[in-house]
Amino acid sequence: DKKDGGLYAIMVFTDRTGNIDGISWDGESLSGITPGDFVFVTGNVAEYSGRLQIVVHAMNRVDDREVDAADFLPRYGGDIGKIMDEIRVYAARVKGPHLQMLLGSFFEDKEFVDMFSLAPAAVTVHHAYLGGLAVHTLGVLKILDMMSSTYEFLNADLLFAGGILHDIGKIYEYTYKKSISLSDRGRLLGHITIGSEMVSERASRFKGFPEDLKSRVIHMVLSHHGVLEWGSPKEPLFPEALMLHYADDIDSRMEMIKQVYVKHRGQNRQWSDYHPFLERELYLGDDPQSS
């Protein structure tokens, strides 16, 4: 409430280019507008606490049928087809016949491929855009590739299969029609449980699929967050599972850090805002590439 008893509203406006804060000093005029609505806004852009915001003069709801929802969701800026092709190259490097069949059952399934190539990897934390799941998966695979050449005792088949499959449950964890948010299934189960069920179901289609191999792949899905506090039902219990956790963590954190630098670009600041997931401020300083 304002000091005079009136209502004001603080909001966030989003389209595929990003987010901007907004404030309306006449909150009562916004009745009938709910979070997730498409709106037409008029107002002034001003700086507040070092960030731009829209001071809203008027805001009207726009019928969903009059807009293309894809224009309001962040999306990978490159060619997602090339990302998927690179993932398939890693899948082709898996030589074991049973893991080949398992990966093929997913990547020869058009519905799965369409969902996998479109899904985000998160709501806000990392790769939180359409296509983010595929981009993150490829990043994890590239790290695992380097690790497999460094530590030659690692089973490359397990590494690449686990890297490809570790986050597949995210195709059902999120919805992204008007905004990126958790689905009911995602809230109830989470992508780790969903993904382990998907792997178990697909592996069970093949007669004679080795139970130990099936258990190892499922374990990699279940343990890839690394520790119980981060949502893993199991901690990694063999080398390939542990390496997958580290690769997943590295790629996620590097994406978070990259977004911090993108967010603060051009602000002439030495330190970033506090990052709640990284639990620190990051030193921005001068661009080292310009030195």
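Predicted model: local features only at pLDDT ≥ 70, side-chain atom pairs only at ≥ 80, totals over all residues.
Modeller: Contact here means heavy atoms within 4.5 Å. Take H275: skipping neighbours within four places in sequence, its contacts are M256, V260 and R280.

Colleague: Okay, where does H275 lie?

Modeller: In the segment after helix 10 (helices are DSSP runs of H or I, at least four residues, and strands are E runs of at least two, numbered from the N terminus).

Colleague: And is H275 buried or exposed?

Modeller: Buried is under 20% relative accessible area, exposed is over 50%, and partly exposed is in between (1.4 Å probe, protein chains only). H275 has a relative accessible area of 13%, so it goes down as buried.

Colleague: How does R253 read, then, and where does it lie?

Modeller: R253 lies in helix 10. Its relative accessibility is 24%, so R253 counts as partly exposed. Leaving out residues up to four places away in sequence, R253 touches W230, L278 and R280.

Colleague: What about R253 and F277, how far apart are they?

Modeller: Along the chain, 24 residues; between C-alpha atoms, 8.9 Å.

Colleague: How do I check the span of helix 10?

Modeller: Expected span is 1.5 Å times one less than the number of residues. Helix 10 has 26 residues, so it should span 38 Å, and its end C-alpha atoms do sit 38 Å apart, which agrees.

Colleague: Which residue follows helix 10 with a positive phi?

Modeller: That's G266, and its phi is near 80°.

Colleague: Let's switch to helix 2. Which of its residues are buried?

Modeller: Helix 2 covers residues 97–107, and the buried ones are L99, L102, L103, G104, S105, F106 and F107.

Colleague: What covers the buried residues of helix 2?

Modeller: The cover includes several other helices: helix 1 (80–92), helix 3 (110–118), helix 5 (156–165), helix 8 (190–203) and helix 9 (211–223).

How values were computed
Residues numbered from 1 in each chain as written. Heavy atoms only, no water.
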